[in-house]
Amino acid sequence: MQHLSKLLEIEKSNLAWVLRLGLQGLRAQLEEARNKEARNKDARDPGMPACEELLRELDMLLEPAFEPVPLEESKETASPSEEESSLEESSLEESSLEENEYPFDPVPPPPEELKLSRLRESLIEDQKLSEYVGKVELSDSKDAILWNEVQRLLLRVPEREADSWRTQAINLAKEVGFSITEAKKSLIPLPLIGNFSQDKQVIYPGIKVNGNDKVGLYWSERQGFDLRLAKEKLEGELNLLAGVVYICLKFIEIDSNLNHALKSVERFRVISLNEESQKDRYSTALIDRFGRAITADKSADPVKILRGRLDLDEAIHSLVYYPPADRFSWWGKLQQQARDTLQQVAARARQAGHQVQVRSLWGSFANVSSRSKDDLELDSGGTPGEVSACLRVYAKIDEEVLPGRVLFRSLR
């Protein structure tokens, strides 16, 4: 960088101006590529740290105490002989710049061939799948990204149907030369939680691709929880809930199709978590409610504990897809694992002498609307006129009624 800096510091130098132009172009291209890689949630480019350092060095180089004078301005003070020389050099430089926008414009890499294009097309055209997940939109850039998108899509449909589509996906992947792998080093780990994670160690398999792409999911005994949730070891229900909350936070990072409908954050609509402010506000609320549940648990007051768990359960179930995942899908069963713990807390409150009712709201919206409040109407997914997702259960503690909240499919 020494000679670059020395040339850039020369006042009224045409060469300094050309160099500055080239470095600015290089910096702009690097920054654009860096930002694109930063948005790629499925794989992190190993060159990112070095790129950040290089951008900082370029910023330092491109911030001198003065600006070099452009070619046209330098001609005004040049002598006749200098002017002729300058015109000749300027002509050559302008010709070079016309051929190439930036002197240091890198050669773009060839686009990656999408081997799984048949899989992508078959799922997009599958009308049965669209009944569960709405309009199917899948990546056409890289096989690793596409495979993860397909498999995460299948986590939202009933498990029997998901297994059938997953078999189809595996067969199509093998036909185009991919090897299916369940090697842990190639998969993304999730922490073991309750009985739910005992059915299958691998949630969905990966395919072998070039590079270090993590393609696949599995339950890991070694995967710890987010330190934002708890720093001490948790037991029983709280340990299971910590695992569910961790998975919610993880999926927010890796799945751009997630939305939320948490009333304390956004009361009037289901909103995408692709909005950075919504992502931050929802994640903060989820973590805060988990912390309050831990605090309530230490109080040994059964009613206080139940209230904390009801609030946490609402935050977990307010993380939704549009349309909502089927109740009997992998995602639906994961959330149900958390909700099942409410009955245990309610039972302890009854044993302490309190009158407690806790009820999930499903079925016809007309039948449950008297027990819910601030419900949201959807135009797709599920059965018209029925509840698509129970965001908050109905509860009654002694004489106090705590209304539930649901998403329901409109009759229109």
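Housekeeping first. The model is predicted, so local features need pLDDT of at least 70 and side-chain atom pairs pLDDT 80 or more, while totals for chains, interfaces and linings use all residues. Residues are numbered from 1 along each chain as its sequence is written, and side-chain values use heavy atoms, with hydrogens and water left out.

Now the overview. The chain has 14 helices and 14 strands. Helices (H or I, at least four residues) and strands (E, at least two) are DSSP runs, numbered from the N terminus. Of the 412 residues, 45% count as buried. Buried means under 20% relative accessible area, exposed over 50%, and partly exposed in between, with a 1.4 Å probe and protein chains only. Take the contacts with a separation of 6 or more: 68% of them join residues 24 or more positions apart. A contact means heavy atoms within 4.5 Å.

Next, the cores. A nonpolar core is a set of buried Ala, Val, Leu, Ile, Met, Phe, Trp, Tyr and Cys residues joined through side-chain atoms within 4.5 Å. The largest one has 69 residues. Which members touch the most others? Trp 147, Phe 251 and Trp 330 do. Helix H10, residues 236–254, gives this core its largest share, 12 residues. Apart from it lies another core of 22 residues, including Val 356, Leu 361, Phe 365 and Val 368.

Stay with Phe 251. Beyond four places in sequence, Phe 251 touches Arg 152, Leu 155, Leu 190, Leu 217, Leu 258, Tyr 321, Trp 330 and Trp 331.

Axes are lines fitted to C-alpha atoms, for helices over the stretch in contact, and angles run from 0 to 180 degrees between N-to-C directions. Angles under 35 degrees count as roughly parallel, over 145 as roughly antiparallel, 65 to 115 as roughly perpendicular, and the rest as oblique. For residue classes, Ala, Val, Leu, Ile, Met, Phe, Trp, Tyr, Cys and Pro are nonpolar, Asp, Glu, Lys and Arg are charged, and the others, Gly among them, are polar.

Partner one is H11, residues 276–299. H10 and H11 pack at about 175 degrees, axes 11 Å apart. The pair is therefore roughly antiparallel. Among the H10 residues in contact are Leu 238, Ala 242 and Leu 249; on H11, they include Tyr 282, Leu 286 and Phe 290. The count by class is 12 nonpolar, one polar and two charged.

Partner two is H12, residues 302–317. Here the angle is about 25 degrees, with the axes 11 Å apart. That makes H10 and H12 roughly parallel. H12 contributes Arg 309, Leu 312 and Ile 316 to the contact. The classes are seven nonpolar, no polar and two charged.

Partner three is H13, residues 330–351. The axes of H10 and H13 come within 10 Å and cross at roughly 150 degrees. So these two are roughly antiparallel. Phe 251 of H10 and Trp 330 of H13 are among the residues making the contact. By class: 10 nonpolar, three polar and two charged.

Is Val 406 buried or exposed? Val 406 counts as buried, because its relative accessibility is 0%. Val 406 sits in strand E14, residues 405–409. Its contacts beyond four places in sequence include Leu 361, Phe 365 and Leu 391. His 317 is 89 residues away in sequence, yet 10.0 Å away, C-alpha to C-alpha.
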